[in-house]
Amino acid sequence: MRLVKPKKALGQHFLKDLQIAQRIADTLSDYKDLPILEVGPGMGVLTQFLIEAGHDLSVVELDMESVVYLERNFPVLSDKIIAEDFLRLDLGKLFPGQFCVIGNYPYNISSQIFFKVLDYKDRIPCCSGMIQKEVAERLAAGPGSKTYGIISILLQVWYDIEYLFTVSEQVFSPPPKVKSAVIRMTRNKRTELPCDEKLFQTVVKTSFNQRRKTLRNSMKPLLGKEFPDYQLPIFDKRPEQLSIDQFIELTIMTDKYLNK
């Protein structure tokens, strides 16, 4: 069977190392009772281990050459191959209950993939897979880190994120120009925020728009110059110094002021 040619436009770098594929598949070993959706299976190097593990597996693949390859080589998936764009899928229609997401994600859209997962946070208890190392570090970063930012906070509000292991660029065809890493996101116990969720997102994004400045300066586009509580200690801090709970506190404060 002719192999699939990697397409640069789709950000395709096919994993060749079977041991790493097995380790990625094992990240969902505690979720055998839930359906699994694999994003971007390509030629199925990860797919084969998910099938062997007995998962109820569906795959979503945009590249039609890969779809044909999967149909011919994985007949067990005959009615489980979704030839569409993951970012455009209505996951609620595909999965009426809970499900997990896994993949060797296209690096050019990995952040969009995780924000899509966030839209279904109450249905997706675990999401794992391989992404660019730099992005993985950003997702897992904590307060005080230079890589801690908007995506770190917006995901960590709802998920505990583990940086599992680093992957060399040499185990891909073609090799990417960057190192990769495998992460796992596990849904935490938070069921709701004690503040307006959209405003929380706005506060986080506004504060990081000028991440080198203190909140006293970076929050002015939202709070204005006349906000009476700029003297509070929290406004002496830069955004990367704030914990998630402090961002929630800042959102509650902002909400009270804007709606007084």
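Asp236 is partly exposed, with a relative accessible area of 46%, where partly exposed covers the range between buried (under 20% relative accessible area) and exposed (over 50%), computed with a 1.4 Å probe on protein chains only. The structure is a predicted model, in which local features need pLDDT of at least 70, side-chain atom pairs count only at pLDDT 80 or more, and totals for chains, interfaces and linings use all residues. Residues are numbered from 1 along each chain as its sequence is written, and side-chain values use heavy atoms, with hydrogens and water left out.

**Salt bridges**

- Ten salt bridges are counted, each being a side-chain nitrogen of Lys or Arg within 4 Å of a carboxyl oxygen of Asp or Glu.
- Arg238 and Glu240 join their side chains in a salt bridge of 3.1 Å, N to O; Arg238 is partly exposed at 35% relative accessibility, while Glu240 is buried at 12%.

**Helix α8**

- Helix α8 spans residues 197-208, which is twelve residues, and reaches 17 Å from its first C-alpha to its last, close to the 16 Å expected at 1.5 Å a residue; the expected span is 1.5 Å times one less than the number of residues.
- Helices here are DSSP runs of H or I with at least four residues, strands are runs of E with at least two, and both are numbered from the N terminus.
- At the start of α8, the backbone nitrogen of Lys198 has a side-chain oxygen of Asp196 within 3.2 Å.
- The buried residues of α8 are Leu199, Phe200, Val203, Val204, Thr206, Ser207 and Phe208, and what covers them includes α7 (150-156), α9 (215-218), α10 (220-223) and α11 (244-258).

**Glu38 in strand β2**

- Glu38, which is found in strand β2 (residues 36-39), is buried yet has no salt bridge, and the nearest side chain of opposite charge, Lys80, is 12 Å away; for charge, Lys and Arg count as positive and Asp and Glu as negative, with His and the chain ends not counted.
- The Glu38 side chain instead makes a polar contact with the side chain of Thr47 at 2.6 Å, a polar contact being a pair of N or O atoms within 3.5 Å, of which, within protein, one must be able to donate a hydrogen and the other to accept it, and residues adjacent in sequence count only if both atoms are side-chain atoms.
- Beyond its neighbours within four places in sequence, Glu38 is in contact (heavy atoms within 4.5 Å) with residues including Leu46, Thr47, Leu57, Val59 and Ile102.

**The sheet**

- Seven strands form an open sheet of mixed pairing in the order β4-β3-β2-β5-β6-β9-β7, and its edge strands, β4 (81-82) and β7 (159-167), each pair on one side only.
- β7 and β9 (residues 180-187) pair in the antiparallel sense over eight bridges, where two strands pair if DSSP finds at least two bridges between them.
- Asp160 stands opposite Thr186 in β9.
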